[in-house]
Amino acid sequence: MKVLIKNGKIAGKGNQLIDADVWLEDGIIAGIGKSFADLDFDEVYDAKGQLVTPGLVDVHVHLREPGFTYKETIKTGSQAAARGGFTTVCAMPNLDPTPDTVEKFNQVLDIIKRDAVVKVLQYAPITENLRSDVLTDQAGLKAAGAFAFTNDGVGVQTAGTMYLAMQEAAKQGMALVAHTEDDSLLFGGVMHKGKVSEKLGLPGIMSATESSQIARDVILAEETGAHYHVCHVSTKESVRVIRDAKRAGVHVTAEVSPHHLILMDEDIPEDNGFWKMNPPLRGKEDRDDLIEGLLDGTIDCIATDHAPHGLEEKDQTFLKAPFGIVGSETAFQLIYTHFVETGRFTLEQVIDWMAVKPAAIFGLNAGTLTIGAPADIAVFDLETEEKIDDQQFASMGVNTPFVGWPVKGNTMFTFVDGKLVYNKED
């Protein structure tokens, strides 16, 4: 199958846009340029002067299947990813049953193979049932196809367990990916501890709940030589610890989510569960340091932490609603509108953080618009402004406070291995 994406523009240095057609054939990028007019193509798509990028890579999503299919399924979650321009997503293992054995892990892979419309890489847990101190069979799960190891949703509470897990991960050449949260420092908190939590009369979550566990873990990563990746960094103290660890030569990488780059706790208007996420929205200094950490390389990439929930369970107070915000369909739009349009980030940087870097730090064959690379492509309209409309979501989850926000950078086409998996006009 020969496919041509014509009349596109690709990102050059900074915000430079270069006219280019992209030729896709047999699942790979066969050519980039303007010299394909004499060739015969099976399908031709007109980009109409819009941005053509490598398919975005999201190393942190929750697809909820098996166990929680009233929130999301692998099919709907992967469709949501495609609608957001993502062609590779990495799915967390906080499922039911937890895929902590090869047999249960393979059951998830079977659903992915059957239903996913984008490339879904599956995490395996660090410990059995996530909350135990019993390590999983990393070698067996690696052989079964595990992307990396994580207990996302809960922090590994025992330093000895984390040390042994890192030791084994280093032996297996696998990344250990951490949701950092010290349960002993939570004290029932549901939002960031500060003036807003005091105003609303809600128990707060200290910044140290996150940063203290990162400090513990980077020392263990240095000791074991493991690749340690920090999920959804949210505090200025966490940025400082990661920056210092990188300077010391520790193999640590980190991600930040769009909502933590854009929103602060002072934006929370009322006691509404749609604003409840974990880690919580922090203070202005935290947000500013996250942006600075991204710009100076302390934070390596942007990941959505797409976490869908049922409407009834989220449409409650902070004390009753579960943590989580959806993000697959809004991430690029929000980052482009709030940072590229305002001149804070360049388009080149955003593509780097949302495609190139996440693929590179985990060694994935993805995230690059080069000849011979997989034909995973997204096309974005950078001119037309639309409002985020949860009625148009492919995801089953609509739990986001961004509904109604005006954005540019809407996805027009998404291709996976040269096959069209999303068309805005359909």
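This passage looks at two residues of a predicted model, glutamine 138 and threonine 253, and at an annotated stretch of the chain. Local features need pLDDT of at least 70 and side-chain atom pairs count only at pLDDT 80 or more, while totals for chains, interfaces and linings use all residues. Residues are numbered from 1 along each chain as its sequence is written, and side-chain values use heavy atoms, with hydrogens and water left out.

Glutamine 138 sits in helix α3, residues 138-144 (helices are DSSP runs of H or I, at least four residues, and strands are runs of E, at least two, numbered from the N terminus). Glutamine 138 is buried, at 2% relative accessible area (buried means under 20%, with a 1.4 Å probe and protein chains only). Leaving aside residues up to four places away in sequence, its contacts include Phe149, Glu168 and Gln172 (contact means heavy atoms within 4.5 Å). A polar atom of the glutamine 138 side chain also lies 3.3 Å from the backbone oxygen of alanine 165.

An unreviewed UniProt entry annotates residues 49-238 as "domain: Dihydroorotase catalytic"; such annotations may be inferred rather than shown by experiment. Over residues 49-238 the chain is 37% helix and 18% strand.

Threonine 253 belongs to strand β14, residues 252-256, and is buried too, with a relative accessible area of 6%. Its side chain makes polar contacts with the side chains of histidine 227, at 2.8 Å, and histidine 229, at 2.7 Å (N or O pairs within 3.5 Å; within protein, one atom must be able to donate a hydrogen and the other to accept it, and residues adjacent in sequence count only if both atoms are side-chain atoms). Threonine 253 also touches Asp300 and Ile361, among others.

Note on methods: Buried means under 20% relative accessible area, exposed over 50%, partly exposed in between (1.4 Å probe, protein chains only).
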